[in-house]
Amino acid sequence: MKDYLLELVSGKTGYNSKLNAMREYLQAYILRVMHDEGVFRSVAFLGGTALRFLYGLPRFSEGLDFSLTKKPPVAFAALVKKITSELSAAGYNAAAVYSDKKTVNSAFIKFSGLMLEAGISPLKSQIFSVKIEIDNNPPKGAALETQIVNKYFPISFLSYDIESLFAGKLHALLSRRYAKGRDYFDLGWYLSRWKGIEPNFKLLKNSLQQTKWNKDYPQKSSWRALIRGVVERTDWKKVKADVGQFLENPGDLNIFTKENIARLL
């Protein structure tokens, strides 16, 4: 399996392209292990990586984000051990650092020597990591659906529906204290792909309540103006600096400009 990854990466040109290809393949491998362990019977896949795997978002994503949909929580320590065991059996030098706190389980799956083997770094000591995070106390109100994806491996996912995923993106835009460029790129992508899209307002309100929102809650009649205000106040140089390295086609930033996203809103 590692030989396939090295061949995949060798066919890419440039540091970011190689790194993104390697990360995405390893994400898919980890997702397949999680699927085989039955994780998606009670855990939903969400976030930027879910958008890419399920809907073809034209940017790469760093981590794997999930929400618990029914109790009991996943036996996280055992899951992390299984993931590292499977990766080791496939030829990777893999280890994990993890925290299985009650509210959020998080782990970094660390790969030693892989950056050198893949021709991405000249340093054998450079570590590459994939982050996994499971929210065991997510806001209520998400609508769930099951989808099958064949991206390197056939996998069946439990995920939020598109309106619920969009609510998560709006929550990030409204609540994040800094400009994360990927949020703004994703917003433009949502608005251009699904004309007339509306968020899951119940989930959005519950998400904002959970993060101590103290203003009027977004409504059907107000959310676009509210988000447009956020877009227009944002430093677009910071947006470009953050998201550019993750794009399949960096030229997309000439389409998803501040002005164009404001028009879509």
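At what angle do the axes of helix α2 and α3 cross? Select α2, residues 15-36, together with α3 in this predicted model. Their axes come within 12 Å and cross at roughly 85°. Angles from 65 to 115 degrees count as roughly perpendicular, and α2 and α3 are therefore roughly perpendicular to each other.

Show the side chains where the two helices meet. On α2, the contact is made by Glu24, Gln27, Ala28 and Leu31. On α3, it is made by Thr49, Arg52 and Phe53. By class, this contact has 3 nonpolar, 2 polar and 2 charged residues.

**Helix α3 and its end**

Stay on α3, residues 48-55. How many of the residues of α3 are buried? The count is 8 of 8, and the helix is mostly covered. Gly48, Thr49, Ala50, Leu51, Arg52, Phe53, Leu54 and Tyr55 are the buried residues. Next, select glycine 56, which follows α3 and has a positive phi, near 75°.

**Leucine 46**

Leucine 46 counts as buried because its relative accessibility is 18%, and the cut-off for buried is under 20%. Leaving aside neighbours within four places in sequence, leucine 46 is in contact with Asp65, Phe66, Ser67, Tyr160 and Leu165. For a distance across the model, pick the C-alpha atoms of leucine 46 and tyrosine 184. These two residues are 138 residues apart along the chain, and their C-alpha atoms are separated by 17 Å.

**The largest pocket**

The largest pocket has a volume of about 1100 Å³. Which of its 38 lining residues are the closest to its centre? They are Leu46, Gly47, Asp65, Gly168 and Arg176. Leu46, visited above for its contacts, therefore returns here as one of the lining residues, buried at 18% relative accessibility.

Colour the elements that give two or more residues to this lining: α3, β2 (63-68), β5 (127-135), α6 (162-175), α7 (181-193) and α8 (201-210). Of these, α6 gives the most, with 7 residues. The residues of the lining divide into 12 nonpolar, 14 polar and 12 charged.

**Lysine 169**

Now select lysine 169, which is in helix α6. Is lysine 169 buried or exposed? At 11% relative accessibility, lysine 169 counts as buried. Leaving aside neighbours within four places in sequence, lysine 169 is in contact with Arg59, Arg182, Asp183, Asp186 and Tyr190.

**The second largest pocket**

Move to the second largest pocket, with a volume of about 350 Å³. Of the 16 residues that line this pocket, Leu68, Asn136, Asn137, Pro138 and Lys140 are the closest to its centre. By class, the lining has 7 nonpolar, 5 polar and 4 charged residues.

**Helix α9**

Select helix α9, residues 223-233. Trp223, Ile227, Gly229, Val230 and Val231 are buried in this helix. Which elements cover these buried residues? The cover includes α6, α7, α8, α10 (236-243) and α11 (258-264).

Show the backbone for the last stops. Start with the peptide bond from lysine 71 to proline 72, which is cis, with omega near 5°. Proline 72 lies in the loop between β2 and α4 (76-89).

Continue to tyrosine 152, in the loop between β6 (144-151) and β7 (153-160). Phi of tyrosine 152 is near 75°, a positive value in a residue other than glycine. The relative accessibility of tyrosine 152 is 31%, so this residue counts as partly exposed.

End at lysine 212, in the loop between α8 and α9. Phi of lysine 212 is positive, near 65°, again in a residue other than glycine. How large is the relative accessible area of lysine 212? It is 71%, and lysine 212 is exposed; the cut-off for exposed is over 50%.

Methods: Residues numbered from 1 in each chain as written. Predicted model: local features only at pLDDT ≥ 70, side-chain atom pairs only at ≥ 80, totals over all residues. Heavy atoms only, no water. 1 Å grid on protein atoms, 1.4 Å probe; cavity = no way out; pocket = protein on both sides within 12 Å on 5 of 7 lines; lining within 4 Å. Points joined across faces, edges and corners; volume = space filled by probe spheres on them. Helix = DSSP H or I, 4+ residues; strand = E, 2+ residues; numbered from the N terminus. Nonpolar A, V, L, I, M, F, W, Y, C, P; charged D, E, K, R; others polar. Axes fitted to C-alpha atoms, helices over the stretch in contact; angles between N-to-C directions. Parallel < 35°, antiparallel > 145°, perpendicular 65-115°, else oblique. Contact = heavy atoms within 4.5 Å. Buried < 20%, exposed > 50% of the residue type's maximum accessible area, 1.4 Å probe, protein only.
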